[in-house]
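Student: Hi! Could you walk me through this structure?
Tutor: Happy to, here it is.

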Amino acid sequence: MSLPSFEVVRPRTLEGALEELERHGPDAQMIAGGTDLVPSLKQGLFSPRVLVDLKGVRELDFIRFDREAGLELGALTTITRLAQSPVVAEYFPVLQAAAKTVASPLLRNMGTLGGNLCLDTRCLYYNQSAFWRESLGYCLKKEGTVCHVAPGSSVCWAVFSGDTAPALMTLAATVRLASPRGEREIPLRELYVNDGWVRLTKRHDEILTAVRIPLSSAGWKGTYKKLRIRNSIDYPLAGVAVAMRWASDGVCQDVRIALTAVNPAPRLVEAAARLKGKRYDPSLVDEVAHEAIRTAKPLRTSASTMEYRRHMVRVFVRRALNEVWANGPHC
Amino acid sequence: MGETTTQSSPIGARVPMVDAVDKVTGAGKYADDLTLPGMLVGKILHSPHAHARIRSMDTSAAERLPGVRAVVTGAETPVKYGILPVGHDETIFCVDKVRYIGDNVAAVAAESEAIAEHALRLIRVDYEVLPAYFDPEQSMQAETNLIHDDRPHNIEREYHHHFGNVEEGFAQADYIRQDRFDCPEVTHAALEPHSTLARYDAEDGTLTVWSSTQVPYYLKKTLAATLQMPEEKVRVIKPLVGGGFGGKSEVIPLELAAAVLARKAGAPVKITYTREEVFLANRGRPRQIVELKTGVTRQGKLTAVEARIIQDGGAYCGYGVVTILYSGQLLNAMYDIPNVKFDGYRVLTNKPACGAMRGHGTVNTRFAFEQQLNRIASVLGLDPVEIRRRNLLHPPCVTLNNLRVLSYGYPECIDRVVERSGWKEKYGKLPYGKGIGFAGSHYVSGAANPIIRSAMPQSTVNLSVDRQGGVTIFTGASEIGQGSDTVQVQVVAAELGLPLEQVRIVAADTARTPVDLGSYSSRVTFMAGNAAIAAARDAKRRMLQAVARAYGVAEEDLLMEGGRVLGRNGCPLSLTLAEAARLAAGPAGVLTARGSYNTPEESRGGTFKGAGVGPSPAYSYSAQAVEVTVDPETGRVTVDRIVVAHDCGKAINPMNVEGQVIGSVWMGLGQALQEVVDYENGRIKNAGLLEYRTASTLESPPVETILVESNDPEGPFGAKEAGEGSLAATIPALTHAIYDAVGVWIDTLPVTPERILRALQEKQQAEWKSPGTGARM
């Protein structure tokens, strides 16, 4: 399978990269690690005329921890660096836990945080060769009119399959988007749209440059649970991130739970609020775990069934809460 | 006395493979690494329909595209072929119908891959779509729109064997059990995708093909037949092969397509499959449904076994007739079963053709049989190990279906696994969620009967000794990563008393090496090994005779050791091998020797219909214990440890044998837990290594290998097969361990977490309804 032909431009600065994007408009596409994009290019899912290679924009490769601003992560930070960062390990354990589960060691060396956050949504009827999709008659996400996992649906159910996004959402992270018009900073959860085709609120001429985690999220206990068939390589079939801050008496002061790979967007679980101000209570944990299923709407976009993935969301929420909370100071 | 060097024999030595360095450094060349000046890229157009008639085809736009050098279609290549003489149902490109999504419709040779892909999109095919069959049990009911007109009810072949009398056997049984097992299709997933480079020389009409094949000589034959050329004008060369597992053991469409394109384009053509095309070419292990009925006495002695087996073969025969026969014939030669009945159906469906895969035909039947035996043991309250010991064969013997068993290391395999695994302390005694399971398996050391019936030897070897004493083996045997070259070097070095470095090997080039049928049915060590030994003995005899003559000594007073010809029994002679070789070369100036192997008549089986498949000169045996942890809340299985004992007759290279056994276990593990070719209306949904999930290193448990050496009387230095026989036992041992851990039996593969959870729920519901019954029934 050959790559389509395209031109590659290699800007050295953010300004240069933005200019290239503006100049080529919809013909241009960004590439950093390429671990998500290159296989899709071979499958004919994208046919850009110009690839803007961001790897040379070194100003986007940094990890900065500041007592006031919190943690700032450049979009070009590789997943390996993120997983190995002592600061991340010490203050933001949920993020480290998630980063360590991404793909395989080689892919983590290549893949970047920005790429992982902007990952294309995935579906068994979409991530296929041109031959395969043509023989089926295409799908709603690409060139077709029918969603094969939900016939009759007007939205695409391809699933968001990143691991770092839910972890960052539990830490109330924000992302910075740069464009020729300037820069804006939005909560990470507002980056996503729960439609597998629309995916992101990021505009075509915007570059996700950095992620910021507020200092107020530092030190939250956290963990990430990932459902997959193999313990390496695989995308998640479901993912649960939990981060919690408790007082010295074990009372939950604040908690966030986020799900990935069970919707077109990563999503926060609202029922988590029920835990605030409470002491550890297994039945309350069970209740929240049960409620979390409401936030998960996986369809047959990947291996495994909807029922099992929903079941596992419940198990994971409970296990993750138990892990971060049950061994708290009340014990 | 002359000087002697004491050197341990290369037999039983843990030596690295002779091609290891080239593979590790990247210097070794696989088919896709090869290039020729002016080489073109070939691409194949595949059918988007599962079953359709080709009304018409227009290739003119593709032909006009600049950079396109040849376009070929079925009209130009109508000769039928197939690996089995009884299954010639394929053509290089479809002539009138397409029979699966991915079937081969046309091909293009162009100056670049991009141009070739573009050209494929310009080929217009007008299809009349026909109803298609995807499920074998439904396909068997078909009256119309048959996949092949000459196969009523879409049944490729059926066999009905009855040995002894099962009615009487079941009448003697105290307990009879019937179960249905469903094992879906799995595939080889060799890391090297198939690749072929072809060059046609118009001046002398010769064709040279370099291909990733396990069977260069069958490929040569098929190339000649389908391209309608004299066979002596065709040369096939096998470069390094990156894994076969059966997926390269018959002629694969790209091999013929590249050759046809090269001839038409007048330039060399290379085709390398995409990973998706590897899945479409398939030839994997077919889905198999086994309805199995077994009778036993109260003491656990088998009285009768009856199996009804349906295999979903896909759209073409391939090895199918052999696969269905193996699935029934090798119910035997493992245990002493007095009455056996087998009804086997190889069924056609509109999916990529299945074929031979590691453990060919035996794996899913073995899973069913061993699982049912474990279930029987549990019902009767017998130890699963003990029930096996009560049903052992007593070789030398000939089974009901005429399989001759001479060496039988299975009892020792059982004993060693029981001891090493701590079976007695663990089975039934581990805490809930932890379990250990047991099973056995076996396999042929080469099919006793060749695919194309012939009286000629199945393996032949030429050997030359040069004037410096360097030895070169010329063998047709195909190294595909299993150690074929290394084993032959070892046995020749051992026979001639030489260090390994003094023996070179030239293999699998049909213009330079003599015939060997190929790397399938685990035949190479046994057959090519014996042929190599025979050639080495021939060379040795010539040298010793020449030395004896030259020095007036008795031949019996000479021996070869440490690279020299030495006298013994008081004879003080000591010559270098070079001196001996020059003497033996004599006036002709060259010393060549030859050897061959053919199976003994007594090993070739009976005369009933289908008797030819199953017989082998020797059988390997395997016993295994698998330990697991099952999370009853998630259904997730973690395999903690596998202890495997494999009777390989004699380990010529223990390191290599261990690698083969571990590899077999690992493939069994993948099939047991997670591998499945996932079809939807004939379309493979996971035709890639991301979604077709072979086990990663993280799911690969420690595998402790025990090599049992039963010293087969006919094997080379006593050796038997090592590369396939241990695969099958892994699956039932693992499902047995799951039962021991959480009390549920899973009869459908793969054993996904969901299947375990469902079984646990059903068990719980059943217990609520009838409290007080045994928790583990």
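Tutor: We'll go through a few strands, some salt bridges and one asparagine.

Student: What should I know before we start?
Tutor: This is a predicted model, where local features need pLDDT of at least 70 and side-chain atom pairs count only at pLDDT 80 or more, while totals for chains, interfaces and linings use all residues. Residues are numbered from 1 along each chain as its sequence is written, chains are lettered from A and ligands numbered from 1 in the order in which they are written, and side-chain values use heavy atoms, leaving out hydrogens and water.

Student: Okay, strands first. In which sense do strands 2 and 3 of chain A pair?
Tutor: Strand 2 (residues 28-31) and strand 3 (residues 50-53) of chain A are parallel, with four bridges. Strands here are DSSP runs of E with at least two residues, helices are runs of H or I with at least four, and both are numbered from the N terminus. Two strands pair if DSSP finds at least two bridges between them.

Student: Which residue is opposite M30(A)?
Tutor: That's V52(A), in strand 3 of chain A.

Student: Which residue does R14(B) bridge to?
Tutor: Its partner is E658(B), with the closest N and O atoms 2.8 Å apart. R14(B) is in the segment before helix 1 (20-25) of chain B and E658(B) is in helix 17 (residues 654-673) of chain B, so the pair ties together parts 644 residues apart in sequence.

Student: What about R235(B)?
Tutor: R235(B) meets D509(B) in a salt bridge of 2.6 Å, N to O. R235(B) belongs to strand 11 (residues 234-237) of chain B, and D509(B) to the loop between strand 21 (503-507) and helix 15 (524-551) of chain B, 274 residues apart.

Student: Is D509(B) buried or exposed?
Tutor: Buried, at 3% relative accessibility. R235(B) is partly exposed, at 28% relative accessible area. Buried means under 20% relative accessible area, exposed over 50%, and partly exposed in between (1.4 Å probe, protein chains only).

Student: Last one, where is N449(B)?
Tutor: N449(B) lies in the loop between strand 18 (434-444) and strand 19 (459-465) of chain B. N449(B) is buried, with a relative accessible area of 8%.

Student: What does N449(B) contact?
Tutor: Leaving aside neighbours within four places in sequence, N449(B) is in contact with Q458(B), R604(B), G612(B) and P615(B). Contact means heavy atoms within 4.5 Å. A polar atom of the N449(B) side chain lies 3.2 Å from the backbone oxygen of R604(B), and the backbone oxygen of G612(B) lies 2.9 Å from a polar atom of that side chain.

Methods: A polar contact is a pair of N or O atoms within 3.5 Å; within protein, one must be able to donate a hydrogen and the other to accept it, and residues adjacent in sequence count only if both atoms are side-chain atoms. A salt bridge is a side-chain nitrogen of Lys or Arg within 4 Å of a carboxyl oxygen of Asp or Glu.
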